[in-house]
Amino acid sequence: MKYLITGSNGQLGRTFIKEFQERSLDFNAPEESLLNITDIGCVAEAIDSYKPDVIINCAAYNLVDKAEQEQDAAFSINAIGPRNLARAAAKGKAMLVHFSSDYVFDGTKENGLYIESDPVNPVNTYGKSKLAGEQYVQEELDRSLVLRLSWVFGQGTQNFVHKVREWSKTSAYLKITCDEFSVPTSTETVVDVTLKALENGMTGIYHLTNTGYCSRYEWAKTILDNLGISMFIKPVTREMFHLPAQRPLFSAMSNKKIAGLLNITIPEWEEAVRSFLCKT
């Protein structure tokens with residue numbers, strides 16, 4: 001099997017690269033400047049030359065607030081890019097793995113975690129662009145695996161774990177929202193379960209998160225506790241920050257479907273955070 005990874009500079013792409021190197025798998029992970037997924041010609045050339053069996057799309061526009069002012073960029077990377085990959089994959093008879101987001105939901109569900117059959121209704125530009133991307137992939141390609149992720153963290157600076165660690169160095173105390181709920185999800189969990197799904201020939205759309213859910217306030221407390229940092233955290237509402245992008249208040253997703261089909265137990269989010277911090 002030959003794998004082509006896009007978005008090699010991001011935290012998810014780097015985790016895939018590390019795992020593939022440890023397993024001695026045949027993969028190619030071009031620099032993002034050399035594989036621009038928004039350029040259909042560039043995508044077609046990369047797939048024609050390398051001829052991958054599986055394309056893993058880790059490229060994404062993840063700046064939720066900035067997306068409100070940069071709508072064209074968000075849709076170009078999160079929607080048009082995946083469509084380009086799907087079309088080229090169909091031509092090259094390759095499998096495509098694409099990652100979407102819990103922000104395709106509006107957060108108004110009152111009974112339980114979100115499951116795959118729940119209606120989608122994104123409330124911000126980022127969520128709309130991610131929804132468009134997963135829809136394009138499924139329209140263009142039968143052999144695709146779309147995995148919705150949430151609150152992803154790994155090696156890098158574009159995640160909440162890194163931000164909390166940095167804030168703790170310069171602030172006397174922290175103000176963290178207590179009215180946003182989802183599931184912190186480790187890139188290591190994403191890579192592990194994704195590869196298991198590929199080994200089992202799975203296609204379709206699934207929710208891939210760690211197990212359980214929490215508020216950002218609870219997540220921040222867990223991070224600091226595991227770092228051995230004693231600091232006061234004041235729980236506040238999201239409205240205090242006056243952010244440009246609206247966010248779903250409760251977008252926690254259930255991983256029961258993919259875990260059941262693979263007959264695996266996906267680690268709790270607290271365990272994933274603890275494991276990650278022990279290695280950094």
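The tour goes from a helix to a surface patch and then to salt bridges.

Before you start: this is a predicted model, in which local features need pLDDT of at least 70, side-chain atom pairs count only at pLDDT 80 or more, and totals for chains, interfaces and linings use all residues. Residues are numbered from 1 along each chain as its sequence is written, and side-chain values use heavy atoms, with hydrogens and water left out.

**Stop 1: helix H9**

Select residues 269-278, which form helix H9. Helices here are DSSP runs (H or I, at least four residues), strands likewise (E, at least two), numbered from the N terminus. Now pick out Trp 269, Ala 272, Val 273, Phe 276 and Leu 277, the buried residues of H9. Buried means under 20% relative accessible area, exposed over 50%, and partly exposed in between (1.4 Å probe, protein chains only). These residues lie on the same side of H9, because they cover an arc of only 125 degrees around the axis. That arc is taken from the directions from the helix axis to the C-beta atoms.

What do the buried residues of H9 pack against? Show strand S6 (152-153), helix H5 (160-170), strand S9 (185-186), strand S11 (214-215) and helix H7 (216-227). Contact means heavy atoms within 4.5 Å.

**Stop 2**

Go to the loop between strand S12 (233-236) and helix H8 (256-262), and find Leu 243. Leu 243 is partly exposed, with a relative accessible area of 38%. With Met 240 and Phe 241, Leu 243 makes a nonpolar surface patch of about 250 Å². Patches use residues with over 30% relative accessible area and no salt bridge; like charges are joined within 9 Å, nonpolar side chains (Val, Leu, Ile, Met, Phe, Trp, Tyr) within 5 Å. Areas come from the Shrake-Rupley method with a 1.4 Å probe; for residues, only the protein chains shown count as cover.

Stay in this loop and select Arg 247, then Asp 65. Their side chains meet in a salt bridge (3.0 Å, N to O). A salt bridge is a side-chain nitrogen of Lys or Arg within 4 Å of a carboxyl oxygen of Asp or Glu. Asp 65 sits in the loop between strand S3 (54-57) and helix H3 (71-92), 182 residues away from Arg 247. Are the two buried or exposed? Both are buried.

**Stop 3: helix H6**

Select Lys 196 and Asp 192 in helix H6 (residues 187-199). Their closest N and O atoms are 2.7 Å apart, in a salt bridge. About one helical turn separates them, because they are four residues apart. Lys 196 is partly exposed at 28%, and Asp 192 is partly exposed at 31%.
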